[in-house]
Amino acid sequence: MPSTVSLNQRWKLLVGIGRAVRRNLQTGGQLRPVDLARAYGLSTQAIRNYEAAGILPAAERTAHGYRTYTPRHAQALRAFLALVPGHGHQTATAIMQAINRDATADALRLIDESHAQLLDDRRTLQAVEAALRDLEPVPPERGAMFVGALARRLGIRPATLRKWERAGLVQPRRDPQTGYRVYSAADVRDALLAHQLRRGGYRLEQVAPLIAQVRSAGGVAPLESTLRDWHARLSARSRAMLTGAAALDAYLDGLPTPPRDRPSDHATAPPTTDPIQPPGHSP
């Protein structure tokens, strides 16, 4: 969901909060849950929930059973909050969980997957723009698909496609003999566009008029503002990923060095000029 606070403002806020937390630590040595919660504008219950979920490392306990936090916990929380805008809450949670269970490689794989998805979204946007620039009638019988195959291609459930049909986003015909939905090439194009817009945060009632405009081939002028907003959303995600990477890198730098019997996450990679290829592989 769009936020009224820019990513730059959010990052400055996190930096300022981090400095305040460090000053508190320098004077008190440790943080209570309420100290960490107030510094980041959260509730103490949220801090406890983050710890229980593995987003934060397990806290030490006092002799009376009270939680105490350290600079490591403050950095973990800062890293998580910086990761969320670029990767989403679920992926950011999985990244921090992997880091805190000493599975950095798993965390880096999740980050790579987010970047790959962002690149795929950029390519899809480029393809949509190219298609809209010279939109032509689609041959009616080319690229026809059934609901199951199209759902698998999009990575969604068939029920979602049926929901989109009720909302007017797609208009598949029915096979006269079987009664099954048959999606033409134009329907597949509409479904792809609807899928990307939905992932970009647009509601069904916002997507339906856009699909109708594409379907009627009324030109790209009515779509220019939507496409500009789409570009802005992708750029914001990209910047947010950079912000999250910086915060996570700072957190990783503060973690203990991996034992000698496990490969270091900072091990030097093979030189890219002479990549090691698997057997039978040729560039």
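Two bridges join strand β4 to strand β5, and the two strands run antiparallel. They belong to an open sheet of three strands in the order β3-β5-β4, with antiparallel pairing. Please keep in mind that this is a predicted model; the protein averages a pLDDT of 77, and 71% of the residues score at least 70.

- Strands of a sheet pair through backbone hydrogen bonds, in either a parallel or an antiparallel manner.
- With the order β3-β5-β4, β3 and β4 (173–174) stand at the edges with a single partner strand each, so one side of each has no neighbour in the sheet.

**Helix α7 and its two sides**

- Which residues of helix α7 (residues 147–154) are buried? They are Val 147, Leu 150, Ala 151 and Leu 154.
- Seen down the axis of α7, these buried residues fall within an arc of 100 degrees, so they line one face of the helix.
- An α-helix has 3.6 residues a turn, so residues three or four places apart point the same way.
- Arg 152 and Arg 153 lie on the other side of α7, where they are exposed.
- The buried residues of α7 pack against two strands and two helices: β3 (145–146), β5 (181–183), α8 (158–167) and α9 (185–199).
- After α7 comes Gly 155, which has a positive phi, near 75 degrees.

**Asp 190 in helix α9**

- Helix α9, one of the packing partners of α7, is also the place of Asp 190.
- Is Asp 190 buried or exposed? Asp 190 is buried, because its relative accessible area is 1%, and the cut-off for buried is under 20%.
- Leaving aside residues up to four places away in sequence, Asp 190 touches Leu 169, Val 170, Ile 211, Val 214 and Arg 215.

**Confidence along the chain**

- Among the elements of the protein, helix α5 (residues 89–100) has the highest mean pLDDT, 96, while helix α1 (residues 7–28) has the lowest, 51.
- Over residues 24–28, pLDDT stays under 50, and the model has seven contacts beyond four places in sequence for them.
- Residues 259–283 also stay under 50 in pLDDT, and for this stretch the model has six contacts beyond four places in sequence.

Notes: Residues numbered from 1 in each chain as written. Predicted model: local features only at pLDDT ≥ 70, side-chain atom pairs only at ≥ 80, totals over all residues. Heavy atoms only, no water. Buried < 20%, exposed > 50% of the residue type's maximum accessible area, 1.4 Å probe, protein only. Helix = DSSP H or I, 4+ residues; strand = E, 2+ residues; numbered from the N terminus. Arc of directions from axis to C-beta. Contact = heavy atoms within 4.5 Å. Pairing = 2+ DSSP bridges. pLDDT = per-residue confidence, 0-100.
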